[in-house]
Amino acid sequence: MRKFDIIRKTSILTAAFAISVFANEPPDAPEPDLNLGFDVLYGGYKIGEIDITRSQPFQYEDHTSRELECRIESSVLIDHRGLYRSIVDDQYTVAYLLADNTTAGKRRIDEYRFDYDKGKIRIKTEFPQRGESSSTEKDFSRADKTYFDSISLIFRLSEALDTLKAPLYVPVFVYSRSDSILIRSINAEDVAGPDGKSIAAKHVSGYIPFNTFPGVGREFEIYISDDDERIPLRAEIQMALGRVEIIPRPR
């Protein structure tokens, strides 16, 4: 998978940071899909939007799974639009990952299918506007079972927040390889919610111990509501000049 541009990098660390498992519902009242919307700000100006959807649980390849979808729209600084969809099991291990993105009018679709029994990753890449495509298959190690895409990373962090300790290296799957993000600290803190009222939250501070893009720093912070919903309240990513902020749209 290609290296992400700045907007895609912000989505890797923040777009999906999110929410807890809902309480079990009776059969006649199924759990609803989760939908979240965020604005991306830089220097106080809106430069993009991120929308996250998490589906109800369903059976996929003999596992209880969910579909995670992330839509990205950017403006002003970078012309980028993307749809990122993944199917993950109940431990948020990736079984399927699709990245459909457009930058400067060039569309590219990367599709990953993970076969853990055979230890294979099947990768298909398409350039629809050029009528070109390619397919490949590669081996991956047993350790790859612990890796997951950027969206499921934050879901997993959110659900483990009560037992998560810091410092801790959390594995991630990016750029078609495995890496780790360092969680430096987790602290209780009150922050403003979408309605402006103060809400009890967990403040997660982290560091990216691998090279990022020019202009994008390595420090990030995520604020998640300290309640059953685990709603992301705010996130910040260090830049060469200032910070990028991701805030939820008012409900």
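# Pocket, fold and buried polar residues

User: How do the residues of the lining of the largest pocket divide into nonpolar, polar and charged?
Analyst: This is a predicted model, and the lining is counted over 15 residues. The division is 5 nonpolar, 3 polar and 7 charged.

User: Which residues of that lining lie nearest the centre of the largest pocket?
Analyst: The pocket in question has a volume of about 350 Å³. Its lining holds 15 residues. Those nearest the centre are Glu61, His63, Phe114, Asp115 and Tyr116.

User: Which strand gives the most to the lining of the largest pocket?
Analyst: Three strands each supply at least two lining residues: S4 (63-74), S6 (94-103) and S7 (106-115). With 3 residues, the top contributor is S7.

User: Is Arg66 buried or exposed?
Analyst: Arg66 sits in strand S4. Its relative accessible area is 10%. The cut-off for buried is under 20%, so Arg66 at 10% counts as buried.

User: Which residue's backbone oxygen does the side chain of Arg66 reach?
Analyst: Start from Arg66 in strand S4. Its side chain comes to 3.1 Å from a backbone oxygen, and that oxygen belongs to Ser55.

User: How many helices and strands are there in the protein chain?
Analyst: The chain has 251 residues, and 49% of them are buried. Among contacts with a separation of 6 or more, 42% link residues 24 or more positions apart. The elements number 2 helices and 15 strands.

User: How far apart in space are Lys165 and Ile186, C-alpha to C-alpha?
Analyst: Lys165 is also in the loop between H2 and S10. With a relative accessible area of 60%, Lys165 is exposed. In sequence, Lys165 and Ile186 are 21 residues apart. In space, the C-alpha separation is 7.5 Å.

User: Which side chain does a polar contact of 3.0 Å join to that of Glu221?
Analyst: Glu221 belongs to strand S13 (residues 216-225). It is buried, at a relative accessible area of 18%. Beyond four places in sequence, its contacts include Val204, Ser205, Arg234 and Arg243. The polar partner at 3.0 Å is His203.

User: What is the relative accessible area of Ser225?
Analyst: Ser225 also has its place in strand S13. Beyond four places in sequence, Ser225 is in contact with Ile199, Ala200, Ala201, Arg230, Ile231 and Leu233. Ser225 is buried, and its relative accessible area is 2%.

User: Which residue's backbone nitrogen does the side chain of Ser225 reach?
Analyst: The side chain of Ser225 makes a polar contact with the side chain of Asp227 at 2.8 Å. It also reaches a backbone nitrogen at 2.7 Å, that of Ile231.

User: How far apart in space are Ser225 and Gly193, C-alpha to C-alpha?
Analyst: The two residues are 32 residues apart in sequence. Ser225 itself is in strand S13. The C-alpha separation in space is 8.7 Å.

Definitions and conventions: Residues are numbered from 1 along each chain as its sequence is written. This is a predicted model: local features need pLDDT of at least 70, side-chain atom pairs count only at pLDDT 80 or more; totals for chains, interfaces and linings use all residues. Side-chain values use heavy atoms; hydrogens and water are left out. On a 1 Å grid over the protein atoms alone, a cavity is a set of points where a 1.4 Å probe fits but cannot get out, and a pocket is an open set with protein on both sides within 12 Å along at least five of seven lines; lining residues have an atom within 4 Å of a point. Grid points are joined across faces, edges and corners, and a volume is the space filled by probe spheres set on the points. Helices (H or I, at least four residues) and strands (E, at least two) are DSSP runs, numbered from the N terminus. Ala, Val, Leu, Ile, Met, Phe, Trp, Tyr, Cys and Pro count as nonpolar, Asp, Glu, Lys and Arg as charged, and the others, Gly among them, as polar. Buried means under 20% relative accessible area, exposed over 50%, partly exposed in between (1.4 Å probe, protein chains only). A polar contact is a pair of N or O atoms within 3.5 Å; within protein, one must be able to donate a hydrogen and the other to accept it, and residues adjacent in sequence count only if both atoms are side-chain atoms. Contact means heavy atoms within 4.5 Å.
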